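Trainee: Could you take me through a close look at a single part of this model? I'd like to see what surrounds it and how its side chains pair up.

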Amino acid sequence: MKRTFKAISTYSIAAITGMVVLASCVTDPDSPGLEYMPDMYRSPAVEPYVDYGRVQGAEDMEKKMVQSAMTPPAGAIPYYGTEAAHVEVMLPYHRLAPATGDVTHGLYGWEKEDSLGSEYNAAVADKNPLTLASKEEADAMFKAGKHLYETKCMHCHGEKGDGNGPMVTSGAYAGVPDYKTKTDLADGQVFYSIYYGKGAMGAHASLLNNEQIWTLVHYVNKFRFDDYMKNLPAAGEAPVAAPAAVDSTVVVEDVHAEEAHH
Ligand code: HEC
């Protein structure tokens, strides 16, 4: 029994030493040596936008010639869960781009309105679908809005919304209005201008989704109207009349009216 064990251990030590010696004897100095688990050293590159057509060392030339991430069909809408109200907010914006939008704001390929300004004027009817039903809801909304504003708008519009952002005070840029002078605008027009751009302001459609823009509409209203945040009920209290320019209904009729247009 003792002898068998001794023999086994002697052979194993010899075998392991032999393997180590063999594995380390590689003449090519650039060789990585013996790879026991190549999958772990070289995991197959599966990247959505780059198809190398090479999986585990095998190259597939046919696959290499194919665009890997296909462009979705026109009119396809991203999936945003199952909550009907949220899906509604995220549906493609139903207002057509300004008639001169390709020249003025690089909106090539967008479906344009028939006469300049007609969609901007019609946007007066569009209500903000995001509600401020309680103080807590409003606080969360303005917190999210503040972050979006600071990253996408403040450099032009300024911390106080007075049009004196660093882009303006540095002299690089001019013509940014003080939000206080914009009290006559409807929420829907504020959305339209952020989405498609206006004058020297670029289009933000590719930078922000609908929910983010409506959040910013609330945030900008805080600059436009001094009492925008007043009179909000605490959580659990019955909602009082919504503050000026806010309505909790979604304009569904217009979406369908536009469908006939397409
Ligand atoms: C590059 C600078 C710049 C940036 C960035 C910018 N704006 Fe503007 N914004 C302007 C200028 C300039 C105008 C005046 C446009 C006009 O009336 O000719 C304007 C106008 C507006 C108006 C008034 C629109 C109207 O219909 O009269 C609103 C509201 C507004 N901006 C909100 C925003 C928000 C929100 C953001 C961030 C998502 C933003 N802007 C980002 C420069 C900018």
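**A ring, a charge and a covered helix**

Mentor: Let's start at Phe142: the charged end of Lys222 sits over its ring, 5.0 Å from the ring centre (the rule asks for NZ of Lys or CZ of Arg within 6 Å of the ring centre and within 35 degrees of the ring normal). Keep in mind that this is a predicted model, where local features need pLDDT of at least 70, side-chain atom pairs count only at pLDDT 80 or more, and totals for chains, interfaces and linings use all residues. Residues are numbered from 1 along each chain as its sequence is written, and side-chain values use heavy atoms, with hydrogens and water left out.

The whole structure holds 19 aromatic pairs (rings of Phe, Tyr and Trp, the last by its six-membered ring, with centres within 6.5 Å; planes under 30 degrees apart are stacked, over 60 edge-to-face, the rest tilted). Phe142 and Tyr219 make a tilted pair, because their ring centres are 6.3 Å apart and their planes stand at 50°. Phe142 belongs to helix H7 (residues 135–152) and Tyr219 to helix H11, so this pair ties together parts 77 residues apart in sequence (helices are DSSP runs of H or I, at least four residues, and strands runs of E, at least two, numbered from the N terminus). Phe142 is buried at 5% relative accessibility, and Tyr219 is buried at 8% (buried means under 20% relative accessible area, exposed over 50%, partly exposed in between, with a 1.4 Å probe and protein chains only).

Now for helix H10 (residues 187–196), where 10 of 10 residues are buried. Those residues pack against helices H5 (101–105), H6 (118–122) and H11 (210–224) (contact means heavy atoms within 4.5 Å). Tyr195 is buried at 10% relative accessibility, and Tyr196 at 2%. Both belong to one aromatic cluster, together with Tyr93, Trp110, Tyr120, Phe191, Tyr192 and Trp214. After H10 comes Gly197, with a positive phi near 85°.

In general, side chains of opposite charge can pair when their charged atoms come close. Arg224 forms a salt bridge with Asp187, their closest N and O atoms being 3.5 Å apart (a side-chain nitrogen of Lys or Arg within 4 Å of a carboxyl oxygen of Asp or Glu). This joins distant parts of the chain, Arg224 in H11 and Asp187 in H10, 37 residues apart. Arg224 and Asp187 are both buried. By the same rule, the count comes to six salt bridges.
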